[in-house]
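Please read them alongside the sequence and the coordinates.

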Amino acid sequence: MSAPARFLRQGVPIVFGITCLLAVLAVIEVLVRFSIINPFIVPLPSDVVLSFRRVILEEHIVPRFLLTCSEALTASVMLSVVGISLGVLLHRKKIVRLAVETWVAALASAPLVLVYPLFLVLFGRSAWTIIMIAFVSALPPVILKTLEGLTGARPVLINVGRSFKLTPSQLYWKILFPAALPNIFVGVRLGMIFALINIVGVEFLINFGGLGQLVNELAERYDLPGTYAAICFVILVSVLFFIGTERIERWLRPGS
Amino acid sequence: MAAADPILSVENIVKRFETQDGVLTAVDDVSFTVNPGEFFSVIGPSGCGKSTLFNVIGGLIDTYDGRVQVGGETVRGPHASVGMIFQEESTFPWRTVIDNVAFPLEIVGMPKAERLERATHFVDLVGLSGFERRYPSELSGGMRQRVSMARTLASEPKILLMDEPFAALDEQTRLLLGDKVLQIQQDLKQTTLLITHNLTEAVQLSDRILVMTYRPGKVKRVVDIKLPRPRSSEIVGSDEFGRYVAQIWNDLREEATRGMNDDEARMARAGARPP
């Protein structure tokens, strides 16, 4: 592919996305400056940008950012391993699927973050409380999407495997699992979003740990630009994890 | 085994399915043989049990009455001697062309260098040289079907079993791919069994054509196609080709009409039922 063609295909969407973001921020800036949006609720985007330096230097953002990242990473690895394994189990054991699938789906909409006192009792005021709440809350989408991917594999691909006399194990690992990977990754990404929301939320609630605690502290000081700057770092964690999973998916299942 | 012995023998196959309306006999006492190197087609209207027969011979259905023999050996279930090409697009989207074609060789544990060399040969055979590192999503429907064909051929089956492999393609691509199939079949002397509902395709490719009746699927007639070989798609313009098509259509028209009437009656009954 030539350089101009590559720019058209990859560069233009990025430039367009950034332009849209800047345009939205500019509109908000104008609306806040003219008090159409209450400046006591929404700070000026320019003030948020200017507060980044202060938040980075004075609020120890790097260790907090790394702490939230490590909590999110631990929860993501746990929910990927456990969630995918449970999805596979539900696919292989029909009786288990019939017995628990509805319960798993119901669990997906349960506000588990509200039982954080129970987790505090179990794990103490530590990172493990935050990780475990995130893990449990984010598990259902991974299980359900894994199950959906495996049950939705195209029958003709399974018939190809059968025609080549694949063993059940080969059929699973060579055909069913790769065929299910796009769905599995949708589940993992959803799970990671749920996990990150819960991590930051519980950090905020128990005033412990990384970015959530920082958002809490800045909000209590009524430092609105700083609060929004800290929220930007939460978004950065989400973006980094999203890019990471996309890379892993492309590596595991090229050609999509 | 004597040279004249059939490589495939299908004997008295009967397959019934349990349905909501009772037991449905999809295939009823179908018997035929295919000789080594022969191109044999089974043609019939929709619902005559062609695909059921495909699955029985390929071993994907193993509960039926009757017997399937390959090279004198009775087979039930998938068998290495029978390579299947499916109607639906069946390449693995996560594998490149070369890795798709090498798949059956990987399964039998062939060393990587050897299997890639073999796979390259079959990619070349189906005319896809230069596309080895492409993914199926980067290929046309016809190219993807050729990848499936190369993958099945790479397993070197005694019998190539194809279920309407070009059904999803346009007529021109279908004719050109027919040329490719003929060339491969002639080069490899590959015994081929084609299941189709396409008259032109069947006459263009086959040495013999078995015409099936509409439900239950029985053998109506076997027609010898005495068109000269080697053939190409140019033969579709000949008078002799037209005569064969007309002759087989005479047999099929009655069955296809029965099928259509049956479908309409079933839909009318379904419409008359209370919701």
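**Notes on chain B**

1. In this predicted model, helix 1 (residues 50–58) of chain B lies across strand 1, strand 2 and strand 4 (65–70) of chain B. Relative to strand 1 of chain B, the helix runs at about 120°.

2. The sheet in chain B is an open one, built from 4 strands in the order 2-1-4-5 with antiparallel pairing. Its edges are taken by strand 2 (22–34) and strand 5 (73–75) of chain B; each has a single partner strand, so one side of each is left without a neighbour in the sheet. From one strand to the next, the twist averages 35°.

3. Within this sheet, strand 1 (residues 8–19) of chain B pairs with strand 2 of chain B over 9 bridges, in the antiparallel sense.

4. The domain assignment divides chain B into domain 1, covering 1–81 + 159–225, and domain 2, covering 93–156. Between the C-alpha centres of domain 1 and domain 2 of chain B the separation is 24 Å.

5. At the boundary between the domains of chain B, 9 residues of domain 1 are in contact with 8 residues of domain 2. On the domain 1 side, helix 6 (residues 171–188) of chain B supplies the largest share, 4 residues. By class, that side of domain 1 of chain B has 7 nonpolar, 1 polar and 1 charged residues.

How values were computed
Residues are numbered from 1 along each chain as its sequence is written. Chains are lettered from A and ligands numbered from 1 in the order in which they are written. This is a predicted model: local features need pLDDT of at least 70, side-chain atom pairs count only at pLDDT 80 or more; totals for chains, interfaces and linings use all residues. Domain bounds come from an automatic or database domain assignment. Two residues are in contact if their C-beta atoms, placed from the backbone, lie within 7 Å. Helices (H or I, at least four residues) and strands (E, at least two) are DSSP runs, numbered from the N terminus. Ala, Val, Leu, Ile, Met, Phe, Trp, Tyr, Cys and Pro count as nonpolar, Asp, Glu, Lys and Arg as charged, and the others, Gly among them, as polar. Two strands pair if DSSP finds at least two bridges between them. Axes are lines fitted to C-alpha atoms, for helices over the stretch in contact, and angles run from 0 to 180 degrees between N-to-C directions.
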